[in-house]
Amino acid sequence: MNGATHLSKSWLAALALTHLAPAADEPAKNLYVPYAPVVDRSEGLAWPEGQAIPTFATPAETLDTVMVQDLSQDELITFSALQGRVNRKQPRILLAEGRAEEGTFTWPDTAKLISRTLYDRARRYELIAKYAREIGGVVLYDPAVSPHYRNLAGTVAAQRNAIPASRPVYEEIKKAGIDLGIAVDLTELKLVKPVEIYKHLHEHYWPKSEKRLIVSARPFDQRGWGDYHHTRDMAAATGAAVVWLDTRIPEERDVLRKFFQDMKAGEAIALGWYATERTGITTASEFGIGTIPADYYVSSTVLAGTDHKILIPPVPKMPALENKIYVAVFISDGDNIQYTQHAMRKNWDRIGDQRGKVALNWTIAPGLVDIGPAILNYYYGTATPNDCFVTGPSGMGYLMPTNTLTEPGAPVGESLKDPALMDGYTRLTETYLQRSGLRVVTIWDDASPALRQSYEKNCRHLYGATVQNFKDMPAVAGSVEKGRVPFDKLVIPYAGSYRDMRRSLADQIRQWDGKAPLFLSYQVEAWKEMRANRIIDLQEDLAREFPDKVQFVRADHYFNLHNEAKGLPYNLALESSTTAPAPTLLDGTPNTVWTAAEPGKQQLVIDLTAEHKLSRCVIRHAGAAGLDPALNTRDFAVQTSLDGKAWKTLHVFRGNQDSVTDFDIDSVGARYVKLLIEHPGGDSIARIADVEVFGKRP
């Protein structure tokens, strides 16, 4: 709330009819934390505080395209940097993977970027010539001395508005008649070891590097894998440092810590990958820094410019609570944006006609709202009511606050210990839960009591989270924080086979005493047998053996049903019996907006059908739907009633400018909730995007 405005006599008279004072002297505290609105732009970057990855401009109508397979390793280093520097102004260069499993141009076509000019192998240097005037020179390096000079050169080049080039590539540039001078010559350096090279980077170039982003990219082949272009364009565009330090080696891990300790939890993110999962992720986690796995993510600076309006799908009504077993199955690895770009798209499309037969909970990276909104919107737009999306571990970027699996070089136990860093990470997670519409977090592996409290305190949008013991910490347990947010321990954290999962579920069903609903959550490994079609088979198999005992449910329903069964507050808007003047007011997405233009009728009543003890209310205004925040409801009151006749005014809000109003209620008994609007906003038309009312049965 911001300031106060005059309340008209007619509205005060309407409040007086409730036989209660307007309660204007003590307005409710809005617990919603706003973030900078994200809108499409025609040129340049926008990177406001609290945003992990910048907003790029809308891509050019025709994209200049180079096939990755037409470039050598060091040409990929050069061309991905060229892509980033050019796309910084407006995305105009596309690097395309000819062997992409989802199809070479599947994502550009999905984003309606269908006009392309192909620069084939014979013409590839013509692309550098076309944009040479936008580039300030080259940073020369020699990968024969050490492949890590590729990363150093990429970091330096971004600071000089240059492109990195090995000597053979630079000779090709000159042979093509392109006049680019040498901005920095790194071939004069005699450093060889990774520790030496990255200490040099840290001392001489890190001070000028962007601290909100760091890219971890392997600059050499190992077991047939090297990272020569994936997300390097993002580093070039933003001025982020590019590093590769083997986190299995203590000395190299300590150097990587020097970079992370200068980055601020809640404001920074890492892109890429590490030598091993648990040694790398735990290192970043010590500092509250999440990682977006992106070591095969292509053309990030093009996809980051696609339409930023996120089409959050409507949420269906949850089933009525019964005395049965509720199962939530989470499909892993969606935090990995290379997976969402490649394998997930292939699998998603392949089983398109089968999705919807059973509730499936797909992990996905909330950071896609920045780095790939077209990808997120594709999945959202083609989802069935039985497809629910949740965050991959453990919110905004892969964080491993507690490691439960022994792995060489990875400490078992807590990685994230500082409460201030916890709060930074969970506050950033809340922003991205709001922006992506996600309501459930899967945590790898466990969360300490302090971290669970941090999630509950800072993530108002969160319904619940899962935790797990991967192997070596059996003490991991579920909990409920402040009677609001459940942390549910997965029965199996990473099921890879149908046989194991079926056996586990059958054992749980046979052991159930039938006295109260039972809630069971499982996570399946996306890369192996337990793909969506096998989960459908499993549900059908169990239904035959245990008829009417088991129901597979969406994760948002799972946690709300859990709270209802335990006598805890849950979102009453999800109840099939709850009604409003328009169903869109209760459909869980801000993209459907209720409007009322006629004065005197700018009010709405929600009928909960029975008395409940109310504890919280959330109202999403026009800005939450992507409309001009000036249209947000300005002055309004929230009232409750047991019979729809005698009304009690809970709170009066004046001068509101926020896109969301989120306030707690001190356990009021009510069947009806009324929103009475006095000043609807900029053009006098009332707009409400969504309403949530939390409570429990008396």
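Reply: Buried residues make up 61% of the 698 residues in this protein. Buried means under 20% relative accessible area, exposed means over 50%, and partly exposed lies in between (1.4 Å probe, protein chains only). The model is predicted, so local features need pLDDT of at least 70 and side-chain atom pairs need 80 or more, while totals for chains, interfaces and linings use all residues. Residues are numbered from 1 along each chain as its sequence is written, and side-chain values use heavy atoms, without hydrogens or water.

Next, the overall form. Along the principal axes, the C-alpha atoms fill a box of roughly 85 × 60 × 45 Å. The protein has 20 helices and 30 strands. Both are DSSP runs numbered from the N terminus: helices are H or I with at least four residues, strands are E with at least two.

Now the charged pairs. Side chains of opposite charge can pair when their charged atoms come close. The rule for a salt bridge is a side-chain nitrogen of Lys or Arg within 4 Å of a carboxyl oxygen of Asp or Glu. By this rule there are 42 salt bridges.

One of them joins Lys130 and Asp64, at 2.8 Å from N to O. Lys130 sits in helix α4 (residues 124–131) and Asp64 in strand β1 (residues 62–67), so this pair links distant parts of the chain, 66 residues apart. How accessible is Lys130? Lys130 is partly exposed, at 46% relative accessibility. Asp64 is buried, at 4%.

Another salt bridge joins Asp446 and Arg452, also with N and O at 2.8 Å. Both of these residues are buried.

Then comes Glu456 with Arg484, whose closest N and O atoms are 3.1 Å apart. Glu456 lies in helix α17 (residues 449–458), and Arg484 lies in the loop between β18 (479–481) and β19 (485–489), so the pair ties together parts that are 28 residues apart in sequence. Glu456 and Arg484 are both buried. Elsewhere, salt bridges with shared partners form a network: Arg502, Asp507, Arg510, Asp541, Arg544 and Glu545.

What about links through sulfur? There are zero disulfides. A disulfide would need two cysteine sulfur atoms within 2.5 Å. The cysteine sulfur closest to that of Cys388 belongs to Cys459, and at 16 Å it is too far for a bond. Cys388 is buried, with a relative accessible area of 3%. Cys617 is buried too, at 2%.

Strand β7 (residues 210–216) runs parallel to β8, and four bridges pair them. Pairing takes at least two DSSP bridges between two strands. Val215 has Val242 of β8 as its bridge partner.
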